[in-house]
Amino acid sequence: MTSDRTTSDPLLEVDDLRVAFHTDAGLVRAVDGVSFSVGRGETTCLVGESGSGKSVTAEAITRLTPSPPGEIDGGTVRFDGEDVTRATDSRLRELRGNRIAHVFQDPASALNPVYTVGAQIREAIRAHRDVGKRAARARAIDLLDATGIPEPATRVDDYPHEFSGGMKQRVCIAIALACDPDLLIADEPTSALDATVEAGILDLFAELRAAFGTSLLFITHDLGVASRIADRVVVLYAGRVMESGPASAVFDRPAHPYTRALLACRPGVPGGSRPIPGSLPDPVDPPDGCRFAERCPHAIAACRDGEHPARHRVGDDDHHVSCIHYEGNEGTELGPPPGEGAAWPAWSTRAGGRDE
Amino acid sequence: MSDPLLEAEGVIAEYPVGEGLLRRGTGVVRAVDGVSLTVRRGETLGIVGESGCGKSTLARTLLRLEEPAAGTIRFDGEPVCGLDGAALKRFRRRAQMTFQDPRSSFDPRRSVGESVAEPLRIHGLTGRSSRRSVVGGVLERVGLDAGAADRYPHELSGGQLQRAALARALVLNPDLLVADEPVSALDVSVQAGVLRLLEDLRTELGLSVVVISHDLGAVREVCDRVAVMYLGELVEVGPTETLFEDPAHPYTRALVSAVPSATEHGRRERVRLTGEVPDPADPPPGCRFHPRCPEVVEPEGYAFAEGVWRSLLDLVVRAEAGRLTPESVAASIARQRVADGNDEPTPLGRRPPGTDGESVDPAGIGPAGIDPADVADDIAAADVDTAVRAAHGLPSPLSDPDAEAVLADALARVADGDAEGARSRLARSFTTPCRERPPRSIAVSEGHVASCHLIPSDGDGDENEGTGPE
């Protein structure tokens with residue numbers, strides 16, 4: 001931590017971030033006013049379906065957004081007090097891979113097949129540190145060891161195809177840790193892996209966090225994964241934050257109808273899963289008001305008017321929800337959907353289960 | 001269980017493996033090794049396992065999309081392997097399959113209606129004019145509207161395409177539907193809809209359904225029975241709730257406990273597996289799961305403290321793999337010296353507290369700058385002993401004096417450069433029923449069988465030696 005800011009400030013503060021893509025169909029506001037923060041040593045999970053804007057948000061933090069067609073057209077991203085959205089390209093190069101590192105979904109495509117894993121870790125080290133080849137190699141072996149690769153001194157000279165999927169992802173994490181980053185951004189790092197391997201990688205993130213004090217921004221569509229690793233959860237839908245708060249509060253007392261629907265639609269939940277009817281709104285021409293209103297069992301006419309609903313506090317802790325039903329009801333909880341008897345069965349039967 | 005729809009016995013499926021550009025065969029991998037199972041009429045059977053366990057190969061073999069190397073498959077009482085000509089075509093009509101990625105299983109240049117109608121055309125059913133109404137009807141049945149027939153695959157979402165794939169499989173009115181990973185390519189919010197559709201189709205059309213999946217949540221949602229596969233073999237088959245609530249096989253226990261659950265927030269007790277899935281070309285002897293099994297059976301005549309036997313067996317596995325050598329131990333000693341500050345420290349970064357020399361598996365680590373071969377010449381027997389015990393978390397001495405004598409002797413042989421001697425000493429003394437012979441499938445309760453040495457068998461009741469459960 002090279003900053004003189006107090007350590008109680010969040011490491012990363014994203015405020016009203018807006019990212020748009022110019023497409024043939026029109027302007028797509030993939031991220032439309034997203035705010036959240038990641039505390040020091042803390043794990044924050046961004047959760048949502050595909051198309052919710054979670055990966056675009058993650059890329060925008062280090063300005064990896066492809067431009068054109070993408071454009072960060074509003075908001076600020078403060079990393080350790082510094083506004084990254086205004087940073088020069090050379091300053092960004094200093095930050096990327098050094099103080100902020102990424103781990104991507106598919107480890108097979110993140111690694112270069114023609115170089116040994118050791119060479120790829122050394123490259124990451126020497127991009128930012130003035131060290132010799134031998135020292136870099138020693139560090140590479142240490143990193144492989146720390147990420148749980150057996151016999152790292154031998155494996156360092158192996159090529160990516162000689163590793164299994166889970167082991168490749170461990171190598172990617174080793175590369176991300178090469179320069180001891182303050183913030184690790186992991187975008188669906190376990191989605192391509194089997195459940196038993198996934199569990200091992202999640203354990204690894206927890207161990208690394210305990211050992212290195214690294215802050216983690218973890219992107220996932222899987223609430224089960226989020227519940228296992230998150231301190232804080234931010235629920236995104238159609239480019240907007242629907243709910244955010246401590247993981248325990250969001251999972252034990254989900255406030256937003258969308259969060260509740262997401263929890264209820266997972267296969268294997270007791271009592272049978274309930275699909276969410278309908279689909280994401282048209283990204284080119286999103287509806288007014290709450291973007292989930294079209295699919296929401298609680299929706300009333302006022303939900304479809306005006307701006308995105310304001311943030312309201314729920315409960316005692318830092319748990320917030322953007323839903324009109326909480327207006328003037330701060331601290332209370334939303335009951336079952338109106339007309340529970342009628343609405344829920346209709347919502348959960350096959351008639352409503354189409355995903356058009 | 002009278003008259004099942006599909007019965008497989010001792011099915012073996014092999015792939016040739018080759019090397020070099022010409023892929024000349026140098027051997028075979030048994031992706032499926034002696035699987036026996038039945039699919040009852042009107043039931044949904046789940047086949048679960050990690051990627052590479054052979055579950056998709058098994059499914060394709062059951063439908064004879066691939067020829068089994070051995071074993072018999074009977075569909076509706078008729079052996080499938082001997083079918084040809086019209087009989088094979090009739091079987092194909094009655095047994096259909098959907099594939100994991102709906103987007104790649106549709107021709108992008110054909111309308112959805114054309115694709116869904118193709119099976120009708122191939123089997124010469126219905127004329128051109130009535131096909132359209134048949135296709136419209138089946139599309140509506142899977143929850144799309146009939147107008148979807150005129151749209152192209154790129155115009156549909158993943159969930160809609162998976163429904164169209166189901167429509168294509170159902171248009172011939174089959175008796176058996178095999179769905180390979182029906183929801184793994186879909187968003188969570190639409191998964192439940194597709195699973196519910198599978199369930200409805202089964203009850204309304206009287207189908208038998210086989211769901212292949214690595215997603216235990218999805219399987220629990222729709223299946224009546226579940227078969228668990230590991231490295232080409234079935235390890236457990238049973239009614240879904242029994243299998244999830246009271247799994248009999250340690251591998252099933254590990255799988256079930258690895259499923260993240262949002263309803264049980266917090267750090268649930270989870271079974272940790274050691275090591276990786278072994279190479280299917282060279283499966284371990286005995287029970288194929290024993291190198292990773294947390295509950296591996298202890299040998300008789302020793303008394304180990306909690307966890308020590310698993311650690312000791314890891315050392316035996318390492319020795320058997322030829323990785324317990326003076327060089328590999330020298331490398332970890334060299335690393336230990338660095339960590340102790342006797343040598344130039346590893347540069348850069350804060351060392352994580354508490355990971356020095358005792359992290360995940362420090363066996364065989366050699367920092368650059370120290371050639372393990374140099375160290376190998378001057379390591380003392382005591383150093384080898386300390387380093388190996390530290391690497392494997394083995395106490396010194398072991399609480400059991402006989403085991404301690406064997407371990408000390410083996411490690412002394414390593415220090416002498418006799419890796420082979422150490423291997424045979426360890427392998428001879430520390431063995432387990434799990435390694436010596438494959439477990440037989442044993443009935444745990446009615447309709448619930450598992451293959452594990454931990455399950456007490458009632459005499460020699462089970463005659464199915466050598467085959468999987470059922």
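Trainee: How are the residues, chains and values to be read?

Mentor: Residues are numbered from 1 along each chain as its sequence is written, while chains are lettered from A and ligands numbered from 1 in the order in which they are written. In this predicted model, local features need pLDDT of at least 70, side-chain atom pairs count only at pLDDT 80 or more, and totals for chains, interfaces and linings use all residues; side-chain values use heavy atoms, with hydrogens and water left out.

Trainee: Which residues does a cis peptide bond join in chain A, and which in chain B?

Mentor: Most peptide bonds are trans. In chain A, P68(A) and P69(A) are joined by a cis bond with omega about 5°. P69(A) lies in the loop between α1 (54-61) and β4 (70-79); helices (H or I, at least four residues) and strands (E, at least two) are DSSP runs, numbered from the N terminus. In chain B, the cis bond joins S396(B) to P397(B), with omega about -5°. P397(B) belongs to the loop between α13 (381-392) and α14 (401-415).

Trainee: What is the phi of D80(A), and is the residue buried or exposed?

Mentor: Most residues other than glycine have a negative phi. D80(A), not a glycine, has a positive phi of about 50°. D80(A) sits in the loop between β4 and β5 (82-83) of chain A and is buried, at 7% relative accessible area. Buried means under 20% relative accessible area, exposed over 50%, and partly exposed in between (1.4 Å probe, protein chains only).

Trainee: Where is N173(B) placed, and is N173(B) buried or exposed?

Mentor: N173(B) is in the loop between α5 (158-170) and β7 (176-180) of chain B. Its phi is positive, near 60°, and N173(B) is exposed, with a relative accessible area of 59%.
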